[in-house]
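Here's a quick briefing to read with the model open beside you.

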Amino acid sequence: MTFRVALTFDAEHPDRPTQPGVAESILTTLERAGIRATFFVQGRWAEAYPDTARRIGPAGHLIGNHSHYHARMPLFSPAGFETDVRAAETVISDVLGVDPRPWFRCPFGAGDDDLRITSALAGLGYRQVGCDVVPCDWERPADAVEASVVDDTIAAGDGTVVLLHTWPASTGVALPAIIQRLSDAGATFVRVDELERVPERAAP
Ligand SMILES: [Zn+2]
């Protein structure tokens, strides 16, 4: 059996205690494994960590927009919404040298089922990218993250989009085993833009 897996990482400021250097170790793990993934970059994170952010593009990863302030997008006024999306877009273009359009992921998945939000994103040249597998890496230990990604991805099959983050220590620890075990099971790792079906909402 062979199947495709799109690992996606939200690159953002931590919202829980963690340790420094996780994003860098994730980039190094992906590089050593020779695989490409997708990174949704928060504008303020790229401003704060430009040296780390600049490593993403040359490694061949797809780059999307994860907003500037990482607010719940439905809380913005229409003008505030556009300001936030464009602020992130400008930082990503300036720091990473890449236009993130059309790829966008709503912080917390908030608004991914709200036509007002997805229409506003479309008006700015974006499409919302959800996910099929949510290992809850922000709150679970590495072995649980590893088990969830491996088991749930194999169960979901070809074209699975996995939601991970660049800051939880669990993710940095689990990633080498995730890649090894999924590879052994027949996975090839792809970017979201290589899939013909991209989920618009987060898995329930
Ligand atoms: Zn996020």
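This is a predicted model: local features need pLDDT of at least 70, side-chain atom pairs count only at pLDDT 80 or more; totals for chains, interfaces and linings use all residues.

A quick definition to start: buried means under 20% relative accessible area, exposed means over 50%, and partly exposed is anything in between.

**Zinc site**

- Three residues supply the protein donors of the zinc ion: Glu12 through OE, and His66 and His70 through NE2, lying 2.0 Å from the zinc.
- Along the chain, the donors of the zinc ion are spaced as E-x53-H-x3-H.
- Glu12 sits in the loop between strand E1 (3-11) and helix H1 (22-33), while His66 is in the loop between strand E3 (62-65) and helix H4 (78-96), so this pair ties together parts 54 residues apart in sequence.
- Are Glu12 and His66 buried or exposed? Both of them are buried.

**Salt bridges**

- How many salt bridges does the structure hold? There are 12.
- One of them joins Glu196 to Arg4, with 2.7 Å between the closest N and O atoms.
- Glu196 lies in the segment after strand E7 (187-189) and Arg4 in strand E1, so the pair ties together parts that are 192 residues apart in sequence.
- Glu196 has 65% relative accessibility, so it counts as exposed.
- Arg197 also takes part in a salt bridge, meeting Asp132 at 3.0 Å, N to O.
- That pair links distant parts of the chain, 65 residues apart: Arg197 is in the segment after E7, and Asp132 is in the loop between strand E5 (127-128) and helix H6 (142-156).
- Arg197 is partly exposed, at a relative accessible area of 44%, and Asp132 counts as partly exposed too, at 25% relative accessibility.

**The salt-bridge network**

- Which residues are linked in a network of salt bridges? They are Arg86, Glu89, Asp99 and Arg101.
- Within it, Arg101 forms a salt bridge with Glu89, and the closest N and O atoms are 3.8 Å apart.
- Arg101 belongs to the loop between H4 and strand E4 (103-104), whereas Glu89 is in helix H4, 12 residues apart.

**Around Leu62**

- Leu62 is part of strand E3, and it is buried, with a relative accessible area of 8%.
- The C-alpha atoms of Leu62 and Arg191 are separated by 6.2 Å, though the two residues are 129 residues apart along the chain.
- Setting aside neighbours within four places in sequence, Leu62 is in contact with Ala37, Thr38, Phe39, Trp103, Arg191, Val192 and Asp193.

- The largest pocket has a volume of about 320 Å³.
- It is lined by 23 residues, and the closest to its centre are Phe108, Gly109, Trp138, Leu163 and His165.
- Sorted by class, the lining of the largest pocket has 10 nonpolar, six polar and seven charged residues.
- The second largest pocket holds about 210 Å³ of space.
- Its lining is made up of 14 residues, with Pro20, Gly21, Glu24, Trp45 and Tyr49 the closest to its centre.
- Which element gives the most to the lining of the second largest pocket? That's H1, with three residues.
- By class, the second largest pocket is lined by seven nonpolar, five polar and two charged residues.

Conventions:
Residues are numbered from 1 along each chain as its sequence is written. Side-chain values use heavy atoms; hydrogens and water are left out. Donors are N, O and S atoms within 2.8 Å of the metal (3.2 Å for Na, K and Ca); water is not among the atoms, so sites may look incomplete. Helices (H or I, at least four residues) and strands (E, at least two) are DSSP runs, numbered from the N terminus. Buried means under 20% relative accessible area, exposed over 50%, partly exposed in between (1.4 Å probe, protein chains only). A salt bridge is a side-chain nitrogen of Lys or Arg within 4 Å of a carboxyl oxygen of Asp or Glu. Contact means heavy atoms within 4.5 Å. On a 1 Å grid over the protein atoms alone, a cavity is a set of points where a 1.4 Å probe fits but cannot get out, and a pocket is an open set with protein on both sides within 12 Å along at least five of seven lines; lining residues have an atom within 4 Å of a point. Grid points are joined across faces, edges and corners, and a volume is the space filled by probe spheres set on the points. Ala, Val, Leu, Ile, Met, Phe, Trp, Tyr, Cys and Pro count as nonpolar, Asp, Glu, Lys and Arg as charged, and the others, Gly among them, as polar.
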